[in-house]
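Me: Could you go through this model with me? I have a few quick questions about its packing.

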Amino acid sequence: MADFYDDLETRDAEQRAEALETDLPRAISRARLAPAMARLLRDIDPEAIRDVAALAQLPVIRKSELSEAQRKSPPFGGFTTRPATEFDHIFQSPGPIYEPGRRTGDWWRLGRFLHAAGVGVGDIVQNCFSYHLTPAGMMFDSAARAVDAAVLPAGTGQTEQQVRAAVDIGSTVYAGTPDFLQVILEKADQMGEALAISRACVSGGALFPAMRQSYQDRGIATFQCYATADLGLIAYESDARDGLIVDEGVIVEIVRPGTGDPVPEGEVGEVLVTTMNVDYPLIRFATGDLSAVMPGQSPCGRTNMRIRGWMGRADQTTKIKGMFVRPEQVAALVARHPEIARARVIADRDGDRDVITVQVETSAASGDARSLEQSVQDLLKLRGRVEIVAPGSLPNDGKVIEDRRSY
């Protein structure tokens, strides 16, 4: 098996920049074929969007907007470039929210992930992602076909049958959530059966270090990817196990939660994704997940940007004193005061009542605490104490709202 899926994975920085100059205007133009995207991008000249810096000037699309659009114009809210009848599949995820799918090629692009995990000809993939309503099963089914592996469409549950099938047909690869593999392995132990599974391709849940090691102790090499029903593959792990490499079919930005403003490399922020999918073109789609860009390139030789993987949720909306405080409000506070680099709202308890402290990073000698407290009241609709801290002293965890309350 070749080391790389294709030549895209090893492009240098100059080649990537040149490709963006063509790919981004084309992606913006195609996106405007979707009615909802046409409205969002009506004042945008596609030819002016030729790099990530220009892309960062475009509006952010949030899941809530997609969901609301679908309620008004089912099933896809005008975010696709073709009608529902021209797709091969229509999926329903919790919400409910609907996603399209096609059998054409590797539509979700997960074949790149399976290839990086060493899956290919001669493998049988026991696909334990659900095939019922949600798209995960079909996403990995499509990926296995892309790398010429056979598939057992196992779905979820029925562990005794899962073990029986794995033994009888000789499954070599597990695909599913990280924890369900442990359930299958324990059932195999109870049945006195040895499995031939040597690799696990997982997503949809946390892969804890201890869990990875337990699988490794059984001779199973585990690889994880970051993918969503809306976007397909976003980033994936190679055998270097050093961060998640961004897929070649998307552009990833890390921004300050509640805004579309990029953060410096290494700082934790919300993941925004622009996909080049011609059927379902989402531009600057907010995943609601936190991550951070890693410096340098993967030791495996793939040159695209790496991210640290899932680091929490960006939607930190918290109810304090009966009022919802949202990341967008914290962002508005920072925008109102240019001297503030970062801000963090801390909810705590003082006896039987909620209290808030707003920590702000500023290089000003003391800062105008009174003005800041007035802004907190104006924008958060709550009274709170302002604490001025030195630049760089707030934790790099992507949180702009921290709930310390214990009941």
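Predicted model: local features only at pLDDT ≥ 70, side-chain atom pairs only at ≥ 80, totals over all residues.

Reply: Residues are numbered from 1 along each chain as its sequence is written, and side-chain values use heavy atoms, with hydrogens and water left out.

Me: Which residues touch the most other members in the largest nonpolar core?

Reply: In that core of 66 residues, they are Phe-79, Leu-110, Phe-113, Leu-114, Val-119, Phe-140 and Val-252. A nonpolar core is a set of buried (under 20% relative accessible area, 1.4 Å probe, protein chains only) Ala, Val, Leu, Ile, Met, Phe, Trp, Tyr and Cys residues joined through side-chain atoms within 4.5 Å.

Me: And which helix gives the most to this core?

Reply: Helix α6 (residues 136-146) does, with 5 residues; helices here are DSSP runs of H or I with at least four residues, numbered from the N terminus.

Me: What does Leu-110 contact, leaving aside its neighbours within four places in sequence?

Reply: Leu-110 is in contact (heavy atoms within 4.5 Å) with Met-139, Phe-140, Ala-143, Cys-225, Ala-227 and Leu-233.

Me: New topic: is Ser-406 buried or exposed?

Reply: Ser-406 counts as exposed because its relative accessibility is 64%, and exposed means over 50%.

Me: How far apart are the C-alpha atoms of Ser-406 and Gly-322?

Reply: They are separated by 16 Å, and the two residues are 84 residues apart along the chain.

How values were computed
Helix = DSSP H or I, 4+ residues; strand = E, 2+ residues; numbered from the N terminus.
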